Amino acid sequence: MNLGMVGLGKMGGNMAERLVRGGHRVVGFDLDAATAIESESEGVEIVATLMGMAEAMQPPRVVWLMVPAGEIVDQVIAEILPHLEAGDVIVDGGNSNYKDTVRRAAELEEGGIHLVDVGTSGGVWGLAEGYSMMAGGSEEAIAILAPALLTLAPAADRGWGHVGPSGAGHFVKMVHNGIEYGLMEAYAEGFALMRAKDDFGFDLAQIAEIWRYGSVVRSWLLDLTASALAENPTMEGIAPYVPDSGEGRWTVFEAIDLDVEMPVIALSLMRRIDSRDPYDYSDRLLSAMRNQFGGHAMKREG
């Protein structure tokens, strides 16, 4: 099939390359010239404008966006929309808020344009391993997109699925990332506890390797943890600062709206937020409170 890829960064470029290897024709666009050149070397046909992308493809066109969530998605859609026609498909493969996706789908439907949201997981490993994809949209649009999904997935019969109407794919990916927060926090806390038990002299990389096989806590995330511990067991040189890209927050907000209890994911999000506070005002205030009510000594800076 013919497919246009907008956003040829690390993940978008890898997806485009996997599609080319699978025999698909991919027309690519990226504002960064170096990124575009790199994708061109992998067989992607590079165009200079979004209009050029639309003109290079035969209908029904499939335009796959791999751009950051937010206003840029609306901007790209607005720029390419005049060059599309009824029956064409726009795919949002980024981590957009599902509510924005529902809005965009309704707006595009008025002109006969399909919007498919594909929540995509797999990161830098997807090129070799395949991607996990959660697709939301109409049956008609999914049928058009299916050849690409089959190529990008780990196998034709696994790792992807049509999970519901437009917005459903991004909703499922949002929950996926919330669960990811909780899993990562649990692994981090467990290994931190073992590291603190000095008298046993644990080799954390060894333990991670043991758990990778036969254990009920084995996972791909544990595989990556084992790799990180083997490379840098003390985590030397790594700042204790953990960002979040938004999906964990949206998951917690949705849980509140739906009255669903979600303590593990909520607390894992709070831990990430706490990691970014160099001043740590609340802990300072706690120390001051202890001094006020009990005369406990406060540790001073400097």
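Which residue forms a salt bridge with Asp100? In this predicted model, the partner is Arg103, and the closest N and O atoms of the pair are 3.7 Å apart. Both Arg103 and Asp100 sit in helix α5, three residues apart, or about one turn of the helix. Neither side is hidden away: Arg103 comes out as partly exposed, at 32% relative accessibility, and Asp100 is partly exposed too, at 27%.

That pair belongs to a network of salt bridges that links Asp74, Asp92, Asp100, Arg103, Arg104 and Glu107. Arg104 has 3% relative accessibility and so counts as buried, whereas Asp74, at 26%, counts as partly exposed.

Elsewhere in the chain, Glu301 and Arg284 pair up through their side chains, with a salt bridge of 2.8 Å, N to O. Arg284 is in helix α13 (281-294) and Glu301 in the segment after α13, so this bridge ties together parts that are 17 residues apart in sequence. Glu301 is exposed, with a relative accessible area of 64%, while Arg284 counts as partly exposed at 31%. Altogether, the structure holds 17 salt bridges.

Turning to the nonpolar side chains, the largest core has 25 residues, and those with the most contacts inside it are Met5, Trp64, Val116, Val118 and Leu145. Two or more residues each come from β1 (2-6), α1 (10-21), β4 (62-65), β5 (89-92), β6 (114-121), β7 (132-136) and α7 (139-152). Helix α7 gives the largest share of this core, six residues.

Leaving aside residues up to four places away in sequence, Val118 touches Trp64, Val91, Met133, Met134, Ala135, Leu145 and Leu149, among others. The contacts of Val118 also include Gly93, Gly94, His170 and Asp92, and Asp92 is one of the residues in the salt-bridge network described above.

Methods: Residues are numbered from 1 along each chain as its sequence is written. This is a predicted model: local features need pLDDT of at least 70, side-chain atom pairs count only at pLDDT 80 or more; totals for chains, interfaces and linings use all residues. Side-chain values use heavy atoms; hydrogens and water are left out. A nonpolar core is a set of buried Ala, Val, Leu, Ile, Met, Phe, Trp, Tyr and Cys residues joined through side-chain atoms within 4.5 Å. Buried means under 20% relative accessible area, exposed over 50%, partly exposed in between (1.4 Å probe, protein chains only). Helices (H or I, at least four residues) and strands (E, at least two) are DSSP runs, numbered from the N terminus. Contact means heavy atoms within 4.5 Å. A salt bridge is a side-chain nitrogen of Lys or Arg within 4 Å of a carboxyl oxygen of Asp or Glu.
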